[in-house]
Amino acid sequence: MSLLELKNVSKIYGELKALDNVNIHVDQGEWVAIMGPSGSGKSTMMNIIGCMDKPTKGEVLLDGVDISKESSKHLTDIRRDKIGLVFQQFHMVNYLTAVENVMVSQYYHSLPDEKEALEALGRVGLRERARHLPSQLSGGEQQRVCVARALINHPELILADEPTGNLDEANENIVLDLFAQLHKEGTTLIVVTHDPEVAEAAQRTIVLEHGRVAREVINENFGK
Amino acid sequence: MTRRRMFLRMITASLLRRRSRMLIALLSIGIGATILAGLVTIYYDVPRQMGAQLRSYGANMILLPEGEEKLDTERLEQALAQIPAEELVGATPYRYVRLDMTSRQQSFTSAGTDFEQVQKTSPYFSVEGRYPESTREVLVGKEIAETIGVRVGSTMELTYQPAAAFASGSAAEDRVPGATLSGSAEGWSGGVVYVTAALDGDARIAQITIDASTQTEEYGGRADEDEAFAAQFIGKSLPLTLGTDVDALSGATVTSAAVVEALNTARAEAAPVQPRTLNFNVVGILVTGGEEEGYVFMSTEDLVSLTGENKLDVAELSVLANADQLEAYAAAITGAEIGVTPRLVKRVTRSEASVLEKLTALVFLVTAVVLLLTMICVSTTMMAVVSERRREIGLRKALGASDNSIRAEFLGEGMFLGALGGVMGAVLGFVFAQVVSVNVFGSSITFQPLLLPITVIVSMIIAALSCLLPIKRAVAIDPALVLKGE
């Protein structure tokens, strides 16, 4: 069953077609990588899937609902309820501790629950670092906090934008292992990357070029 | 954990862990609140302070006798009882009498008063030398001192010429109505004629009563009934001559002569009232630039010794009150029906009111300007805070923060700062007002408990208003900016 479906989606900025008649679908529980060089339309697609932008044309079905025509206020609600975001730059609130950063996500979603937030940090191996401020955490640790923050509200979809772009290899592996674990638990993952190694960790890779889907690659080695 | 607790936790963390930036905002609110609180305190206190200052302009209420009868100490006390004691700065009694300085053949208006009170009701009096402190000491107006050439240390012999019932040429100022003469003389065939005359202050006959019952009824006996005959005496000075000053009653020359004789004898036999003289030391020369320089001032006691009567012409009051309160006190004194007429010195009460009006307007204006500057400063700081936190705001929105959440967070921070700055300002403002008060007015002020909530609430409102524009900016931030890998 598909969780996300883009039908004939185009995004046009004046003359520029950032996305040109794109059709993709992602099944429930699937782990998909989106690859492509700079300017291929990755960011635009990410914004649309992340409910932060609307396509010029076409339909975007998330969990069966067309989100392409929703108001931005409604999009905020949908994003909050269904999507967990992980960013390349981590983006933590720099004056809040690790656990408080996780709780911010709970706060906007429903109710802050410190115990649950600490458990989520435990899952990413940072239970001991919960009271540290971002400035006291390494990049890898910050990204793990962000993963904990993304999964705290049990989203249907985790959308990661170059999640390992600023990490060394050891931390990259830790994050990918976390994704694998989430995938096993049935979370749908979409990872935008230009790192082939990261893409290879996914079940399927969609390659974008010039705003179009150039090809889709099934990773036959997945899970091995 | 409730959402509210998380909200407060985020706000306090934002304020406490980003101290330097927030300190600037806090400082501007705090300074604004300090000046606000200080000026409000002064604003509340100015009328009191200025009232006390303006009392140096002199008396603002005058008590006068209601009718002909002079005031006395008892009625003055009754009138003063209508004014709260703590508001009564001073009450100075004055009794004006003409005294002669025989050695120089001069006479001056002299005032008997209470010098302790004079210094309270007329603080602008300037004295060369000192105020009299005991009896037989006088304060001489500069004008008189120059005319007769007295200095501090000189002595003056002052004489009181009593209502001088029979002294011709007595001064009109010394008028004492009511002196009476009674006399008798032998009339027709040994019958005695009795006459009583009331004299006015100029020793002229004001009223005359004749008892001619011993005289022959149809002749001299008419003297006590004939109005035309009696009327001739009115306005005449003694002694009188029959035929020149008054005409005889027709057919009763002997009786008429007896009436005139009775009056002349009474006048001649009446013990002349002795003028009283006292010696005074000049201890001070009064310089005011006003009419007071033409008076000689002495203690009430001395004047009583000279005149033998303890009466007052007027009392000058200095009351710590505004025009409305003064009107109320005046009405109370009138209402007490003790024969005292209060009058407000409009020149003083009006100038007080106008000075106060200008001062309060100035305080209001300065406060408004300071609040405006505070608002600009806080707004600028919050604007900087918003651009500094663009990324964080974008992140919060990406995490699902609604526009209202963002508004609430910034408004919350702003108002928290406002409250903190307000408390700070209320305390510092009181100190500021105290310093101003002590230095400018020379007296301390009392803390107004209402000041704290007022300052805090106004500061919070100012802070909230200052946040409006920055919040508009914050809400406009696009959450997608966090994705662009900047």
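User: Are B:F229 and B:F233 buried or exposed?
Analyst: First, this is a predicted model, where local features need pLDDT of at least 70 and side-chain atom pairs count only at pLDDT 80 or more, while totals for chains, interfaces and linings use all residues. Residues are numbered from 1 along each chain as written, chains are lettered from A and ligands numbered from 1 in the order written, and side-chain values use heavy atoms, without hydrogens or water. Buried means under 20% relative accessible area, exposed means over 50%, and partly exposed is in between (1.4 Å probe, protein chains only). On that scale, B:F229 and B:F233 are both buried.

User: How many aromatic pairs turn up over all chains?
Analyst: Rings of Phe, Tyr and Trp (its six-membered ring) pair if their centres lie within 6.5 Å; planes under 30 degrees apart are stacked, over 60 edge-to-face, and the rest tilted. Over all chains, the number of aromatic pairs by this rule is 11.

User: What is the plane angle for B:Y96 and B:Y295?
Analyst: The two rings sit 5.5 Å apart, centre to centre. Their pair counts as tilted, with a plane angle of 55 degrees.

User: Why is B:Y96 called partly exposed?
Analyst: B:Y96 falls in the partly exposed class. That's because its relative accessibility is 30%.

User: And what kind of pair do B:F229 and B:F233 make?
Analyst: Their ring centres are 5.3 Å apart. The planes stand at 80 degrees, so the pair is edge-to-face.

User: Which ring does the charged end of B:R3 sit over?
Analyst: The rule here wants NZ of Lys or CZ of Arg within 6 Å of the ring centre and within 35 degrees of the ring normal. The charged end of B:R3 lies 4.4 Å from the centre of a ring in chain A, the ring of A:Y107.

User: How many salt bridges are there over all chains?
Analyst: A salt bridge here is a side-chain nitrogen of Lys or Arg within 4 Å of a carboxyl oxygen of Asp or Glu. A search of the whole structure gives a total over all chains of 24.

User: What is the N to O distance for B:R396 and B:E409?
Analyst: B:R396 sits in helix α11 (residues 390-398) of chain B and B:E409 in helix α12 of chain B, 13 residues apart. Both residues are buried. Their side chains meet in a salt bridge with an N to O distance of 3.2 Å.

User: Which helix holds both B:K142 and B:E146?
Analyst: These two form a salt bridge with the closest N and O atoms 3.8 Å apart. B:K142 is partly exposed at 30%, whereas B:E146 is exposed at 56%. They're 4 residues apart, about one turn, in helix α5 (residues 142-148) of chain B.

User: What is the strand order in the open sheet of chain A?
Analyst: Two strands pair if DSSP finds at least two bridges between them. Strand β1 (residues 2-13) pairs with β4(A) over 5 bridges, and β4 (residues 57-62) pairs with β5(A) over 2 bridges. This open sheet has antiparallel pairing and 4 strands, in the order β2-β1-β4-β5.

User: Which turn residue of the β4(A)-β5(A) hairpin has a positive phi?
Analyst: The hairpin has 2 residues between its strands. A positive phi of about 55 degrees there belongs to A:D63.

User: What is the phi of A:H91?
Analyst: A:H91 is in the loop between β6 (83-86) and α3 (98-109) of chain A, and is buried at 5% relative accessible area. Although A:H91 isn't a glycine, its phi is positive, about 55 degrees.

User: Which helix gives the most to the nonpolar patch?
Analyst: Patches take residues with over 30% relative accessible area and no salt bridge, joining like charges within 9 Å and nonpolar side chains (Val, Leu, Ile, Met, Phe, Trp, Tyr) within 5 Å; areas are Shrake-Rupley with a 1.4 Å probe, and for residues only the protein chains shown count as cover. B:V423, B:V427, B:V431, B:V435, B:F447 and B:L452 make up this one, with about 480 Å² of accessible area together. B:L452 comes from helix α13 (residues 451-475) of chain B. The top contributor, with 4 residues, is helix α12 (residues 403-441) of chain B.
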